[in-house]
Amino acid sequence: MQGYNHKTIEKQWQQEWDKQKLYQTPDQVKGKKNYYVLVEFPYPSGNLHIGHWYAFAVPDIFARKKRMEGYNVLFPIGFDSFGLPAENAAIKHGINPKKWTYDNIAWMTDQIKSMGASFDWSRRIAASDPDYYKWTQWLFLKLYEKGLAYRGKAIVNWDPVDKTVLANEQVLPDGTAERSGAKVEKRELEQWFFKITDYAERLLADLDDLKWPEQIKDQQRNWIGRSEGALLKFPISNFQFPIEVFTTRPDTLFGATYMVLAPEHPLIANLESQISNWKEVEQYIEKTKSKTELQRTALEKDKTGVELKGVKAINPATKEKIPIWIADYVLMSYGTGAIMAVPAHDERDFAFAKKFKLPIRKVIKPPQLTGSGLVTDATSGIWGVVPGQNELEADVWVGEGTLVNSSDFDGLNTVEARNEITAKFGKPKIQYKLRDWLISRQRYWGAPIPIVYDPQGQPHPIPEKHLPWLLPEEVDFTPTGEPPLGKSKELKARTEKIFGKGWRSEYDTMDTFVDSSWYFLRYLDSQNDKEFSLLEKQKLWMPIDRYSGGAEHTTMHVLYSRFFYKALFDLDLATHKEPYVQRFNRGIILGEDGRKMSKRWGNVVDPDKQVAEVGADSVRMYLAFIGPYNEAGAYPWSTKGLIGMRRFLDKVFRFSSFSPSPLTGEGGRRPDEGGSSIHKLIKRITSDIEAFKFNTAIAAFMEFLNENKQMSKENWEDFLRLLAPFAPHLTEELWRQLGHKTSIHKEPWPKFDPKLVKEETVTIAVQVSGKLRGTIIVDAGTSEDKVKQKALAEANVKRHLEGKKITKVIFVKDKLINFVVK
């Protein structure tokens, strides 16, 4: 018997599922618990790539399994359809971004349906639909009313190719724009911001209660960047205003021998008349403007700077006059834009002081060193070593210790000194690296910011009755550096007709991350033209049970949407403190050559071609098998591997040797020819899908089919039910061939008999003080005493215990035994 005809089978069942509206999800089903599964809605780029398949088809396995387990599963889909790529494509091809976007949505909708994913298309949204961005604008106004949206001047990242502002997250480490590749410039512009910094502490603290992978939580913690320290003031001689600094090490105040200001610091201009080398200072400031924050703060970069000659600061502790410098490694966007430089106890300050021959004063005595040059207390700090020196000769100590050369504070440990010096010379302060979210974009294809300006230039919110504040249709969106909306005659006429002569609309559009910060709420109530998302419906579905997406969105979309949702919660527009119960990051698929897919390398995998050749089920299962989905890895595509997956499905199709059905066993379950193998398979597949370990689940399917050449009809049906989420089309076909009149996807998930899945024997790891010294095989459930007796009889264990005293025994049933010795 040959393999199955995937083209006929897949098209037939996709049409049947659509006809039956099999995956439309009601808000409530009696006797079923709601379960919300979410994937990030895609940008309609024009063609579905293999990354889209990986993002949608694999989590679909999980959604299908939850339905079969009896949950009322919501698995929606939509399009993140505003953004620069549409505008750039429209400029390139001479068409309107709207037409380009909606043509792509229609094309990609058909492509997504071809993968057999169980999306509820009745709830489909698109961020560029007026009935969607009406509510994006409405939510902006709610944040504006609350004081969480504001307009202010800021030094911004300017993309000279895309002619727009970029968030810090959209600038790569080499100083180029993530999307266009252009060298990013610095400009000061009037922009709109969201006050995400007001939520910094809650965004950080609430991570502790989230059942997310620690890696994701740590990325967000690092991005928020909480620091506890002190705010200290250094007077400037012959000047009325002091320099204010934030430091995490007030204990080193007596070692501050010079000050450094960021080149953008506003004090510099005020000190111009006192600075004798102003032209040199001015040139340095201008040179700094071409550098990104990452370039300026790179540890390995050569330190540069200019002294503000003629001006001195006064160390509040020592009363010494100390020089003031400007240097690009100090940023205006962090802390106060000024630092007290303590070169004996900070590596960057040390390198700067060495280069410019500035004084270095040691004020912390390190913990006692051993003869090997190692710190006695290894947790207390590290030496910053000058090239050519060893640890004992190092000139900079950045760890904890005891204060010296610090007047009345000598002899205190650094922790005590931090508190006492702060109390005497400053005040405690908590600082965050997180900056307010800049949402202004000087482009056309985005949600217009719903603000108008009166003739005096004062901003006013657009009244709700005028929402959606529509994008004008006839606009010259060729990038010139001026916002395209400013060129619209229709927008100008509309604004003056509604608000009066001399009024103008805001010309900037919103960052597309605003659109994606609440889309999951619109899925719940996508047809409602009266409210953005009814609270009664939110109570049925929120928070999202499981959210799968790209690792690259951890510090942008996921963080922004957490802030947005918390703000809505405070406004009584959302039902919970957090939007996502679980968040999983997927990996990426590389080309067959192991490189990132690119037209340049000719290694792009076309999923439409693969589906035509081997079928959607084969592609789905190969992607699920390619690597652990719950880890953000990178997995090379393999055509050979895809063909191997098709061969496995052909084997499933040909498998038809059923033995007569045995009688039902105890507990409503029946034994199978292989003993407990089907029960073990049910247990394995159930747990692996739940943990997003789809690759090991598929391996278990293959192993099971190799080991069971015959099985009962009932067990074969269980096998098909288990396989249904992975290969929905083939299993539907085989299910109907067995004579069933209803879809396999409406079947209940198989259950295993616990008595038949218990392992008969287990392998116990035997450790001595945490190191593996052997293994023993015992019956599952063997007691600690019997395991201990057998482990102590092992020759290698005996050898490592000889002459030692066992002080403690750690026993984990069916896993390990560890003898702690001294």
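Mentor: Start with a term: a residue is buried under 20% relative accessible area, exposed over 50% and partly exposed in between, using a 1.4 Å probe and protein chains only. Helices (H or I, at least four residues) and strands (E, at least two) are DSSP runs, numbered from the N terminus. This is a predicted model, where local features need pLDDT of at least 70 and side-chain atom pairs count only at pLDDT 80 or more, while totals for chains, interfaces and linings use all residues. Residues are numbered from 1 along each chain as its sequence is written, and side-chain values use heavy atoms, with hydrogens and water left out.

Trainee: OK, helix 19. How many of its ten residues are buried?
Mentor: Nine of them, so helix 19, residues 616-625, is mostly covered. Among the buried ones are V619, R620, M621 and Y622.

Trainee: What does R620 form a salt bridge with?
Mentor: With D60; the closest N and O atoms are 2.8 Å apart. R620 is in helix 19 and D60 in helix 2 (residues 50-68), so the pair links distant parts of the chain, 560 residues apart. A salt bridge here is a side-chain nitrogen of Lys or Arg within 4 Å of a carboxyl oxygen of Asp or Glu.

Trainee: Is R620 buried or exposed?
Mentor: R620 counts as buried because its relative accessibility is 0%. D60 counts as buried too, at 0% relative accessibility.

Trainee: How many salt bridges does a search of the whole structure find?
Mentor: It finds 48. Another example is E320 with R361, whose closest N and O atoms are 3.0 Å apart. E320 lies in the loop between strand 11 (306-314) and strand 12 (321-326), and R361 in the loop between helix 11 (347-356) and strand 14 (364-365), so this pair ties together parts that are 41 residues apart in sequence. E320 is partly exposed, with a relative accessible area of 32%, and R361 is partly exposed at 24%.

Trainee: What about K492 and E496, how far apart are they in helix 13?
Mentor: Four residues, which means about one helical turn separates them in helix 13 (residues 489-499).

Trainee: Switching topic. Which residues have the most contacts inside the largest nonpolar core?
Mentor: W53, I685, F694, F719 and F726, in a core of 82 residues. Helix 2 gives the most to this core, with eleven residues. A nonpolar core is a set of buried Ala, Val, Leu, Ile, Met, Phe, Trp, Tyr and Cys residues joined through side-chain atoms within 4.5 Å.

Trainee: And what does F719 touch?
Mentor: Leaving out residues up to four places away in sequence, F719 touches V652, I678, L681, F701, F704 and L705. Contact means heavy atoms within 4.5 Å. A second, separate core has 81 residues, including W437 and F499.

Trainee: Now strands. In which sense do strand 33 and strand 34 pair?
Mentor: Antiparallel, over six bridges, between strand 33 (residues 806-812) and strand 34 (residues 816-821). Pairing requires that DSSP finds at least two bridges between two strands. I806 stands opposite V821 in strand 34.
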